[in-house]
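Got your viewer open and ready? Let's take a walk through this one together, one selection at a time.

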Amino acid sequence: MSSDALENANRYFEQAAKVLDLGRDVAVQLRTPFREVRVELNVRMDDGSIGTFVGYRVQHDNARGPFKGGLRYHHEVDAQEVTALAQLMTWKTAVAGVPFGGGKGGIHVDASKLSVGEKERITRAFVDKINDIVGDHTDIPAPDMYTGPQEMGWFLDQYTKYHGYKPGVVTGKPIELGGSHGRAAATGRGCLYVTEELMARLGEPLVGKTVVVQGFGNVGGWAARLFAEQGALVVAISDISGGYYDPKGIDVAAALAWVAKHRTLAGFHAAKKVDNDELLTLPCDILVPAALGGVITEEVARGIRARVIVEGANGPTTPGADEILFAKGVHVIPDILANAGGVTVSYFEWVQNLQHYYWDEARVNEELRRVMRAAFDATWEQSRSRSLPMRMGAYVVGIGRVYTATRMRGL
Ligand SMILES: NC(=O)C1=CN([C@@H]2O[C@H](COP(=O)(O)OP(=O)(O)OC[C@H]3O[C@@H](n4cnc5c(N)ncnc54)[C@H](O)[C@@H]3O)[C@@H](O)[C@H]2O)C=CC1
Ligand SMILES: O=C(O)CCC(=O)C(=O)O
């Protein structure tokens, strides 16, 4: 995603701004980030050397509530990518209707090469540098690629040293530290819920549909598991080690157990090994990109055989590819709707933290379904009434809500 991420995000925004007939000044106001922070992190590495890393936090918009969005540890993280992802968060929280704005953070580092101790020291060093600009009513980070509950636990602990115990400063925490039941599964579960909504509109069952999933981490792993549990046939999965294809169906539970033991899918048995590009054009009903951005290029889009794409990842489809897919009649459930389940359950976690009253998983999932259904309905209605792709339907909903809040606050 990295290099073109911001250009792509801005292009989608401009398309939607035109549909909404926003004036140029308003469009610039809504698109421009509130604050962009870049920090140097110096950390003692296991071999005794000093590791120097660059971290970012971009706070895009807070008209509807505190900035909200994940932290990514990846070697492609840069200022542009984080800014693009922060902007997506602003529209996403608005589409979901949760009372947050948008933000995102990241550290430029190859997380796969770090020991647990190095990861912890880098996380704490990051909090040392940004603790003054985050807070449970200002900016609330969460997991993204190569971060998870453990990093959020370290984040909370380090933040507490500066500002006292405020568990709502970060979401996606371990349950034992105030995390929410259902947060780990939430993004994948949200992907399932919006797909069920689409299938209902198309008058087709999900049972028996073939599914291909790219990325087998938090989002992809849970999506594959939940789709399989609902009777869909997961025919291919992939991760950084490549793709694994079996037209008769992958044993998702076995794949999850493999990754829990070996960290990646490398060595996992499947009928055929494919690379991550080939994977995207395999014959299937539903494709779930759930890894990096920018993977569905125009060339890939021409080869895509799926009828439905559910964007678990942020920014997987380039604007040119999006046009090709629309022309081909592929239903694309866009990132700012499809993967909004994560931030929605982060909202539930935050609410539970502020109230010090905790919900069971059944309640979390029930409320998640309600939010995802309402977000889907609003998107579907805009896309149908204006004859737009679902992405533009979602953008119109999201930007429209942010615009209204901004206008009501005044300059
Ligand atoms: N974790 C969350 O709650 C949310 C995540 N997302 C998005 O979902 C995507 C995945 O995030 P997570 O699952 O949290 O990350 P993760 O770190 O848990 O898993 C990432 C997965 O992608 C694989 N991967 C990495 N590079 C790859 C490549 N070049 N080709 C194929 N696979 C590759 C990894 O091996 C791993 O299986 C990202 O785009 C993220 O921004 C979106 C909304 C919420
Ligand atoms: O849970 C959150 O607050 C944000 C998750 C995230 O980074 C995303 O939706 O892209």
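Start by selecting L85 and looking at what surrounds it. Setting aside residues within four places in sequence, L85 is in contact with G69, K104 and N314. L85 sits in helix α3, and it is buried, with 32 other C-beta atoms within 10 Å. For a sense of scale, pick D21 too: the C-alpha atoms of L85 and D21 are separated by 24 Å, and the two residues are 64 apart along the chain.

Before going on, a word about what you're looking at. This is a predicted model. The protein averages a pLDDT of 97, and 99% of the residues score at least 70. For the complex, the predictor gives an ipTM of 0.99 and a pTM of 0.98.

**Stop 1: K104**

Now hop from L85 to one of its contacts, K104. UniProt lists K104 under "active site", in an unreviewed entry. Which strand is K104 in? It lies in β4, residues 102–108. Is K104 buried or exposed? It is buried, with 31 other C-beta atoms within 10 Å. Leaving out neighbours within four places in sequence, K104 is in contact with V58, G69, G70, V82, L85, A86 and M89.

**Stop 2**

Take K92 by itself. It belongs to helix α3, which covers residues 79–96. K92 counts as buried because it has 29 C-beta neighbours inside 10 Å. Beyond its neighbours within four places in sequence, K92 is in contact with G102, I336, A340, V343 and G398.

Then switch to S346, which is placed in helix α13, residues 341–355. With 29 C-beta neighbours inside 10 Å, S346 counts as buried. Not counting residues up to four places away in sequence, S346 touches K68, A142, T171, G172 and R183.

**Stop 3: ligand 2**

Keep S346 highlighted and bring up ligand 2. Which residues come nearest to ligand 2? Of the 13 residues around it, those are G70, A142, G342, V343 and S346. The elements giving two or more residues to this shell are β3 (67–74) and α13. By class, the shell around ligand 2 has two nonpolar, eight polar and three charged residues.

**Stop 4: the two domains**

Zoom out and colour by domain. The protein is divided into domain 1 (33–172) and domain 2 (184–338). Their centres, taken over C-alpha atoms, are separated by 27 Å. Where they meet, eight residues of domain 1 are in contact with six residues of domain 2. Which element gives the most to the domain 1 side of that meeting? That's α3, with six residues. The residues on this side of domain 1 divide into six nonpolar, one polar and one charged.

**Stop 5: ligand 1**

Now select ligand 1. Both domain 1 and domain 2 give residues to the shell around ligand 1, so it lies between them. There are 25 residues around ligand 1, and the ones that come nearest are G217, D239, I240, A313 and G342. The elements that give two or more residues to this shell are α7 (218–229) and β7 (233–239). Of the elements, α7 gives the most, with three residues. By class, the shell around ligand 1 has ten nonpolar, 13 polar and two charged residues.

**Stop 6**

For the last stop, look at backbone angles. Most residues other than glycine have a negative phi. Select Y146, which has a positive phi of about 60° although it is not a glycine. Y146 is found in the loop between β5 (139–143) and α5 (149–163), and it counts as buried, with 22 C-beta neighbours inside 10 Å.

Finally, click on H356. Its phi is near 50°, a positive value in a residue other than glycine. H356 is found in the loop between α13 and α14 (361–385). Is H356 buried or exposed? It is exposed, with 8 other C-beta atoms within 10 Å.

Conventions. Residues numbered from 1 in each chain as written. Chains lettered and ligands numbered in written order. Predicted model: local features only at pLDDT ≥ 70, side-chain atom pairs only at ≥ 80, totals over all residues. Helix = DSSP H or I, 4+ residues; strand = E, 2+ residues; numbered from the N terminus. Buried ≥ 20, exposed ≤ 12 C-beta atoms within 10 Å, placed from the backbone. Contact = placed C-beta atoms within 7 Å. Near = placed C-beta within 6 Å. Nonpolar A, V, L, I, M, F, W, Y, C, P; charged D, E, K, R; others polar. Domains from an automatic or database assignment. pLDDT = per-residue confidence, 0-100. UniProt positions renumbered as here; feature names shortened; annotations may be inferred.
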